[in-house]
Amino acid sequence: MASFLIGAAGFVLAMVALGLIAILWRPADVDHMMAAQLLGTGGVAILLLLAAATETPPIVDVALLLALFAAFAAVAFVRSASDPESEVPETASGG
Amino acid sequence: MTILSVFDIGLVVLILGIGASTIAAREAFAAVIGFVVYGLLLSIAWVRLSAVDVALTEAAIGGGMTGMLMLGAVVRLRLAKGSDTRASLPVRFSAGVLCALVTAGLAAAILSPPEAIPTLAPMVMENLAQSGLGNPVAGVLFVYRALDTLLEKVVLILALLGVWSLAPDSVWGGIPGLRVYARPSSTLTFLAQLLPPVGIVVAIYMCWVGAKEPGGAFQGGTVLAAMWLLVMIAGLKRVPSISQPWLRLLLVVGPVIFLAIGLAGMVLANAFLAYPPGYAKPLIVAVEVALTLSIGVALGLLAAGPPERVQQR
Amino acid sequence: MNAATLFGLSGAALVGFGLYGLVTNPEPLRKILAFNLLGSGVFLVFGVVSRRAAASGLGGDPVPQAMVITAIVVAFAATAMAIALVLRLLQETGRSTLSADNSGGTNTDGGNS
Amino acid sequence: MNLALDIFTVSVVSAGAFFFLAGTVGLLRFPDSLTRLHALTKVDNLGLGFVVLGLLPQANGPFSALKLVSIWLLVQLSGAIVTQLIAGAVRQHGPHG
């Protein structure tokens, strides 16, 4: 059972790797933003599989944090891609 | 066992590839996104090194918080036109050779392990029961090396003072220049309403479980910081000015309680930062709760940056 | 080769990558990023030290692990400080690089704490 | 009984892995950002759902099973919202690539 689960984790890792290549290869920023999302699902799946395979329940907590921070990172990506000009007046008044 | 090593090799190749891409990427935005992905992947590597505590910290700080910090800077630096001249070819070549030498030296050190591997693990486990903790890493952080942990909190506050002191005189005590989301959108608002309750529960869970299993004040505090930033970015809460008394109180409450308990230990247990027998666990939990709050506020403010505006009076 | 050695070697390689980026890239932000990469490589080497010293039924020596946790948090604080410095440099000089050519006004009287 | 549960796990986790494969094929083959986003989020969430479902019999105790399900719910909800945000960014910048 354990080796099947690890095999599945390895398969998902390979899929995540291929997906990352596909995402990061393209020039558009919008495509890059999907990277966190990809890790959010794929990474969580890998960690849950590893937790079950090695019978280490705390790994599930890592998956939980990964899910939370993948969403957080995605928000950061989208924020930085949103219009930078609208922020300029405020920075100018500050400095 | 072999299938596990195939998994490890795949993971290492992926991490190295993403790591190299953050260096080689032409645009800063792509490089930072690569770095976030790298941080999230590295937490899987830490899991494979059976260091779950570190994996939690890396996922939170390496993946989420550092990415948020750097992306904020990328946007501002995009407005400035820096010189795009890369180092010349001979410089790059010699730098490459130098770095390869460093890597080779490290690799040689790793491949030739010492005959008697020094380890403190048996000593840690021997005395862990006295502290009432179940997580050896928490034991090291709060019992054996409590001074390091205390000083690290001080370092966080010093770093924050350093960041604040970069503000021009006119806006000292003002509002940090955290970039809020430019266009208020109902989607982001919804996420900022949905995620923080979950995050706060996770932070409390991390803080609580840290005594027994992987987790603790660092991880919990980072989650709190991230949730706070999310709420501020979405515009649901205003960014507070750094002269707010409650803010400063929260910032120091953790180190102060830690220090107070440490000083009390001088009287009650005959050593600085020693816990009186039988009371170790409740005291450590109290310190962890206070530290979680302080770390959350400190990390959030570090990510928010120096003050840039004066409060409207 | 066991798993710990594998991750240790990748840590060594990451130190090399980070150092290369730190030396060759002119943009301060990219230098900071490369420095973080270098740091995480060092942490991985530490993790291998921890894993190698597995004893007493533990997966690894908890002392290096605790040090790495502390180090990650401190590295974040240092990164925040460095980024604040770069942004302040941008505010003062309008440039984001430290290169000595075409020196725009570098007045440093702005923010004394 | 145990064997039946194991067979359940193997088949359902395999189904999850298949959906991850499908999602990656979508990422590689689809022509523009929005369809790739669709492939990534819909299919991968389904894949994660199947992986979680398959791991449920292996969880020790109802509490850890509940934790697995809540992690999936968290990913599902935050993923849906983040997808919306990215799609908004696509609309703002125009779908290139």
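User: Why is Phe142(B) called buried?
Analyst: Its relative accessibility is 2%. Buried means under 20% relative accessible area, exposed over 50%, partly exposed in between (1.4 Å probe, protein chains only). So Phe142(B) counts as buried. This is a predicted model: local features need pLDDT of at least 70, side-chain atom pairs count only at pLDDT 80 or more, and totals for chains, interfaces and linings use all residues. Residues are numbered from 1 along each chain as its sequence is written, chains are lettered from A and ligands numbered from 1 in the order written, and side-chain values use heavy atoms, leaving out hydrogens and water.

User: What makes Phe258(B) buried or exposed?
Analyst: Its relative accessible area is 0%, so Phe258(B) is buried.

User: How many aromatic pairs does the structure hold?
Analyst: Five, over all chains. Rings of Phe, Tyr and Trp (its six-membered ring) pair if their centres lie within 6.5 Å; planes under 30 degrees apart count as stacked, over 60 as edge-to-face and the rest as tilted.

User: Why is the pair of Phe142(B) and Phe258(B) called tilted?
Analyst: The ring centres are 6.1 Å apart and the planes stand at 35°, so the pair is tilted.

User: What makes Phe19(D) and Phe50(D) a stacked pair?
Analyst: Their ring centres lie 5.4 Å apart and their planes meet at 5°, so the pair is stacked.

User: How do you know whether Phe19(D) and Phe50(D) are buried or partly exposed?
Analyst: Phe19(D) has a relative accessible area of 22%, so it is partly exposed. Phe50(D), at 27%, also counts as partly exposed.

User: Which residues do ring pairs link into a cluster?
Analyst: Phe18(D), Phe19(D) and Phe50(D).
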